[in-house]
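Dear colleague,

I am handing over the structure below, and my notes on it come after. Please read them with the coordinates open.

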Amino acid sequence: MKNILITGGAGFIGSHVVRLFVNNYPNYHIFNLDALTYAGNLENLEDIKHKENYTFIKGNIVDSTFINSLFTEYQFDAVIHLAAESHVDRSINEPLAFVKTNVLGTINLLEAFKGTWELDFSDKRFYHISTDEVYGTLGATGLFNETTAYDPNSPYSASKASSDHFVRAYGETYGMPYVISNCSNNYGPNQFPEKLIPLFINNIIHSKPLPVYGDGNYTRDWLYVIDHANAIDLVFHKGKNKETYNIGGFNEWKNIDLVWLLCKKMDLKLERYNGTSKQLITFVKDRLGHDLRYAIDASKIKNELGWQPSVTFEEGLELTIDWYLQNKEWLNHVTSGEYQDYYEKQYT
Ligand code: NAD
Ligand code: DAU
């Protein structure tokens with residue numbers, strides 16, 4: 001039995017990764033460490049919470065004393081590190097929170113992992129989950145690949161870039177086995193409704209304005225979250241030591257085109273007159289330092305590890321909309337309390 005630590009497992013992507021590992025690997029004991037910030041939600045893991053090979057631990061990766069004692073107690077064979085502050089708009093308002101969790105928190109985990117295995121790292125692995133935003137922004141053409149220079153523009157992406165560098169540095173300096181993946185925009189069930197797709201689904205349900213930043217001509221490369229979880233599984237088991245893998249959906253959309261598609265699908269699902277949701281579109285003040293375009297060249301993971309997305313964007317979007325419509329209670333829970341204050345500050 002291997003002890004695997006997954007951080008941030010109560011969040012959006014983390015919960016899908018925890019579920020996949022708990023269900024597919026009975027020879028792993030999965031420890032899910034999560035501080036349960038506004039973005040963490042144990043309702044995401046109701047279906048697996050009683051499994052024998054699963055343990056939830058509430059705790060903060062910024063607390064080094066706690067982290068060291070946890071590693072001493074459980075001697076984790078591997079870490080899959082997803083815990084992070086993840087929303088760009090919040091990073092613009094509160095950069096320090098991002099430095100604390102994303103940079104200091106990552107270093108605390110690296111130190112504890114090094115402290116546990118420094119004398120013999122064999123069969124051990126630290127897997128750091130990162131983002132394509134570390135590469136900065138693209139113009140109208142070109143793609144990010146694994147050798148693109150880091151050029152982060154937001155406090156969020158700067159903190160993620162910094163954490164990537166520390167992971168790499170622990171590999172070079174202390175010989176710690178590691179792998180990093182940098183993924184494009186995820187969407188799917190359980191995403192907190194501060195990000196574009198679930199925010200707009202929730203607003204359409206409640207006939208609230210859809211706040212499109214700037215002129216809406218910004219481009220993102222969208223990937224269904226379960227395809228990201230499958231890629232993480234592959235990279236964790238088959239990825240080469242000290243390598244980086246870019247993960248993307250081969251699926252670029254201008255925000256405004258995506259919002260039009262979403263509106264059309266939501267009108268159909270809600271049996272509203274075609275064009276009802278589109279009328280909610282409101283162009284608002286642009287995000288500061290808004291990156292124009294992200295697009296991933298995912299040919300390395302495709303060619304070397306045989307990964308590719310399993311659903312088209314149309315299919316993934318259908319599954320996502322259906323999930324939110326069938327889980328209105330989940331939406332109601334996460335949009336009460338703190339969410340209302342955040343929404344007020346961000347959009348009024
Ligand atoms: P999320 O915000 O939904 O979840 C983050 C989780 O981390 C939450 O459960 C939260 O409680 C936990 N957490 C936050 N601070 C913590 C701390 N100090 N100690 C312990 N736990 C803490 O994020 P997500 O969208 O699921 O992203 C997960 C990871 O994937 C992040 O590292 C993010 O940078 C990366 N990523 C996200 C995307 C995306 O499109 N969402 C794309 C590429 C990479
Ligand atoms: O590229 C990967 C990254 O994708 C992840 O690392 C981040 O954790 C994740 O949040 C995401 O970042 P983005 O900033 O691209 O995602 P977001 O959903 O916030 O915004 C997507 C696009 O939609 C972006 O161009 C901004 C725009 N937008 C977003 C919101 C929330 C709007 O126009 N209006 C909005 O209200």
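The notes take the ligand site and then a sheet.

This is a predicted model, in which local features need pLDDT of at least 70 and side-chain atom pairs count only at pLDDT 80 or more, while totals for chains, interfaces and linings use all residues. Residues are numbered from 1 along each chain as its sequence is written, chains are lettered from A and ligands numbered from 1 in the order in which they are written, and side-chain values use heavy atoms, with hydrogens and water left out.

Around ligand 1 there are 30 residues, of which Asp 34, Asn 60, Ser 86, Tyr 156 and Lys 160 come nearest (near: a heavy atom within 4 Å). The largest share of this shell, three residues, is supplied by β5, a strand (a DSSP run of E, at least two residues, numbered from the N terminus). Among the polar contacts (pairs of N or O atoms within 3.5 Å), a backbone N or O atom of Thr 37 lies 3.0 Å from an oxygen atom of ligand 1, and a polar side-chain atom of Thr 101 lies 3.0 Å from a nitrogen atom of the ligand. Taken alone, ligand 1 exposes 840 Å², and the protein buries 96% of that (Shrake-Rupley method, 1.4 Å probe).

β7, which supplies at least two residues of that shell, also belongs to an open sheet of three strands with the order β7-β9-β11 and mixed pairing (strands pair if DSSP finds at least two bridges between them). Three bridges join β7 to β9, the two running parallel, and Asn 186 stands opposite Leu 223 in β9.

Best regards

Technical notes:
Helix = DSSP H or I, 4+ residues; strand = E, 2+ residues; numbered from the N terminus. Polar contact = N/O pair within 3.5 Å; in protein donor to acceptor, adjacent residues only side chain to side chain.
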